[in-house]
Amino acid sequence: MRSHILSVLVENRSGVLSRVSGLFSRRGFNIESLAVGPCEEDDLSRITIVVKGDDAHIEQVKKQLNKLIDVVTVRDITYQNYVERELALIKVQAEPGEPRSGVIQIADLFRAKIIDVGRNSVILEVTGDSEKIDAIENLLYEFGISELVRTGRIALQRCEKSGNGK
Amino acid sequence: MTNGAQILVRTLLSEGVGTIFGYPGGVVLPLYDELYDAPIRHILVRHEQAAIHAADGYARASGKVGVCLATSGPGACNLVSGLATAYMDSVPVVALTGQVPTALLGNDAFQESDITGITLPITKHNYLVQDVSELQRVIKEAFYIAGTGRKGPVLIDLPKDILTTEVTSDEPITEINLRGYRPCYEGHKRQIDRAADLIAASRRPVIYAGGGVISSDASEQLCEFVEKTQIPVTATLMGLGAIPSKNPLFLGMLGMHGTRTANYAITESDLLIAIGVRFDDRVTGKISEFAPKAKIIHIDIDPAEIGKNKLVDLPIVGDAGSVLSGLIEKVTGVIGEEGWRNQIQEWKTRYPLTIPDDGKLHPQFVIKTLSTILNGGGIIVTEVGQNQMWAAQHYEFTRPRQWISSGGLGTMGYGFPAGMGAHVACPNEPVFVIAGDGSFQMNIQELGTVAQYHIPVKIAIINNQYLGMVRQWQELFYEKRYSYTELPDVDFVGIAKAYGIPGMRVTEPAGVRPALEEALATEGPYLIDFRVEREENVFPMVPAGCAICEMIGERHPHDEEGS
Ligand SMILES: Cc1cc2nc3c(=O)[nH]c(=O)nc-3n(C[C@H](O)[C@H](O)[C@H](O)COP(=O)(O)OP(=O)(O)OC[C@H]3O[C@@H](n4cnc5c(N)ncnc54)[C@H](O)[C@@H]3O)c2cc1C
Ligand SMILES: Cc1ncc(C[n+]2csc(CCOP(=O)(O)OP(=O)(O)O)c2C)c(N)n1
Ligand SMILES: [Mg+2]
């Protein structure tokens, strides 16, 4: 069992998401993350799904996804060379003074941006792979995270490199 | 100006729809008003479940897309079992449902149910039409999707205002472009070459043919391939009729209630040529011991079926007919050892399906007699349970699409309405419904429909006053504790009579032939209540979890003689 990353191009129509997620839920799979949004073509959307399962089960779901009329392509990039990113917004306690400078220090280390400042808290925006986000989350934990949202992973296969591939 | 209902009727006509099975209600009134004088025949069923089963029976018998129509809410929900039935057996049906007006969607309006949501996992695709300008395209796409590739049911949900909205122009659409749907018909050339090599090298080959051969209309190619190679053939429940039962190379059905010959042949084979089958658990038994000595070639139009239940050595994704044509060209002649064919003939003579000859009325005898009278012709539609298995085992099929039965879902109540649909598809063929007394009572109200339209289906109830198939399991595996499987005596002939349908009760073997002949000679519908031996079992049988070579229960007259 390992996490698979599926990149699925779908028609941008109502109901597509339930068709896609239904194929996972009926097999008892728990989707770890799912991100949907516009892509390079106007009337298509790209869904990035991260799901745990053994290769044979995932293979079957991929084939079933391909059978959906509204699914245009399915790519499993788990075993490809890919880049992945996730974005998180974190609202953290940061009273003026020591706590706030502590938070700012951590933000700097992770190249996170402070996008909102309040009396006793700030909101950080951080991007990176999931491990990086886990890490900053852990460090901020002791300051007191009051709200947190993550987009889920999005991923693209890496560009082909020039030359003869060596 | 033209409205949605008119567009709908016009598009159905352009798709060649001649008959719709349906049931009206509030939100579909505009459509019914249009149907009032449209050149489409509408058959008013007595329950929407019968409408979809009838559309399904029509599709299986004709190979064309069947159409049914129901109102919103309760009407649409009554289609659910029928959609699941068609989906499991890959049957092309278009189901039209009414829906509350678009402005009320999601408000728990009167008779609203989210039928596209409900049927998501049991349709090949479904649509909620939200703009009348999409209507024609949606209908065209629905027929295309239902009737191509691996066929299946498609549902179109039609809000009431879509049916009434007027639009100015509606140019006929001739082209369908679905970038997410491209069924593949041609098998890969190199895979076909490789398959031909495997076939040439095999010594004990067997063909395992299924529903895909029927829906591909590939029977002719299959028979030609068999003729040329002399490879023995077994068929699944769904594949019956793909090759005539009397062909000496036909081994009968395989699987849980298959013949010993078929199950032994699979077990001993060194090459299994699987065509349009899905390695269902009723067929394979314990999957690790299914065809344990064989290399497997799997020909299927659906890539998702390849390797789903059993890893195969050589997949060919494509249409059965097209791939078989390719293979016929590549194979050189007779394949396999003479000893293998002899072994199979020996099994066949040693383990025939038997019918007890003790003067009592046995269900198998009813089927056998019908097969003799019709000379293996006609259309045989079944309900579910023992009646279905006896019909599968004992009828001697002569052609594809004459056998109609709910295999994957095993839906009791399917047979009678499906028989109505089969008659509409093939009005000149005698249609016999082989029913169980339990199953028949699930859609018994359709007696009203066949009486009203004078649909000449002949109903043969194999009446054991039990939910026989379940009782059989209780007898064999639950110490004969017949928990809630006994059914009281019902005067089926009397019920038929109340609907104005003639019928007869038969209690002795001598009465079987005259009754069947009377049914055939009578115009219109006819019902026969065969009071059969109540505790007859379906044998052979592979107990759950066993390998298919581990069959129980068949009497072996020849064994007894020999030992
Ligand atoms: C009480 C009961 C007992 C049963 N006992 C048995 C039994 O003993 N033996 C038995 O066989 N069945 C039995 N069944 C039926 C069983 O449940 C399955 O429905 C059946 O075995 C499936 O048949 P199939 O493999 O031919 O597949 P189908 O369900 O007919 O599927 C067709 C396959 O062909 C493919 N296909 C479709 N179109 C094409 C095409 N154009 N070209 C190529 N491929 C195509 C599809 O993708 C699919 O894989 C029983 C059912 C009931 C209710
Ligand atoms: C709708 C539905 N409910 C329950 C079942 C489970 N089931 C399978 S066979 C059977 C008994 C069928 O009885 P009957 O129609 O009398 O046929 P018999 O087996 O006696 O020939 C039952 C209850 C089913 N297949 N379908
Ligand atoms: Mg019964």
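Reader: How many residue pairs are in polar contact between domain 1 of chain A and domain 2 of chain A?

Author: This is a predicted model, and side-chain atom pairs count in it only at pLDDT 80 or more. Chain A is split into domain 1, residues 2-80, and domain 2, residues 83-155. With both residues at pLDDT 80 or more, the count between these two domains is 1 residue pair.

Reader: Which residues of domain 1 of chain A lose the most area to domain 2 of chain A?

Author: Domain 1 and domain 2 of chain A bury about 530 Å² between them, and carbon and sulfur atoms give 60% of this area. On the side of domain 1, three residues together make up 50% of what is buried. They are Ile5(A), Ala35(A) and Thr48(A).

Reader: What area is buried between chain A and chain B?

Author: The contact between the chains takes 17 residues from chain A and 16 residues from chain B. Carbon and sulfur atoms give 47% of the buried area. The area itself is about 1400 Å².

Reader: Which residue of chain B meets Glu41(A) in a salt bridge?

Author: Across the interface of chain A and chain B the rule finds 4 salt bridges, and 7 residue pairs are counted in polar contact. In one of the salt bridges, the N to O distance from the side chain of Glu41(A) is 3.9 Å.

Reader: How many residues of domain 3 of chain B are in contact with domain 2 of chain B?

Author: Chain B is assigned domain 1 (2-167), domain 2 (189-350) and domain 3 (363-531). The centres of domain 2 and domain 3 of chain B are 30 Å apart, taken over C-alpha atoms. Domain 2 of chain B brings 15 residues to the contact, and the number from domain 3 of chain B is 18.

Reader: Which three residues supply 38% of the area that domain 2 of chain B buries against domain 3 of chain B?

Author: Domain 2 and domain 3 of chain B bury about 1400 Å² between them, with 62% of it on carbon and sulfur atoms. On the side of domain 2, three residues supply more than any other three. They are Leu237(B), Leu240(B) and His257(B).

Reader: With which residue does Glu396(B) form a salt bridge?

Author: Across the interface of domain 2 and domain 3 of chain B there are 2 salt bridges by the rule, and 5 residue pairs are in polar contact. The touching side of domain 2 has 7 nonpolar, 5 polar and 3 charged residues. The closest N and O atoms of the Glu396(B) salt bridge are 3.6 Å apart, and the other residue is Lys246(B).

Reader: How much of the accessible area of ligand 1 does the protein cover?

Author: Ligand 1 is surrounded by 34 residues, the closest being Thr236(B), His257(B), Arg278(B), Asp300(B) and Asp319(B). Polar side-chain atoms lie 2.7 Å from a ligand oxygen atom at Thr236(B) and 3.4 Å from one at Arg150(B). A side-chain N or O atom of Ser215(B) is 3.2 Å from a nitrogen atom of ligand 1. Ligand 1 on its own has 990 Å² of accessible area, and the protein covers 97%.

Reader: What share of the area that ligand 2 exposes alone does the protein bury?

Author: Around ligand 2 there are 17 residues, and among the closest are Gln386(B) and Ser439(B). Polar backbone atoms lie 2.8 Å from a ligand nitrogen atom at Gly410(B) and 2.7 Å from a ligand oxygen atom at Gly468(B), while a polar side-chain atom of Asp437(B) is 2.9 Å from an oxygen atom of the ligand. Taken alone, ligand 2 exposes 580 Å², and the buried share is 76%.

How values were computed. Residues numbered from 1 in each chain as written. Chains lettered and ligands numbered in written order. Predicted model: local features only at pLDDT ≥ 70, side-chain atom pairs only at ≥ 80, totals over all residues. Heavy atoms only, no water. Domains from an automatic or database assignment. Contact = heavy atoms within 4.5 Å. Buried area = accessible area lost by both parts, 1.4 Å probe. Polar contact = N/O pair within 3.5 Å; in protein donor to acceptor, adjacent residues only side chain to side chain. Nonpolar A, V, L, I, M, F, W, Y, C, P; charged D, E, K, R; others polar. Near = heavy atom within 4 Å. Areas by Shrake-Rupley, 256 points an atom, 1.4 Å probe, with all protein chains shown as cover.
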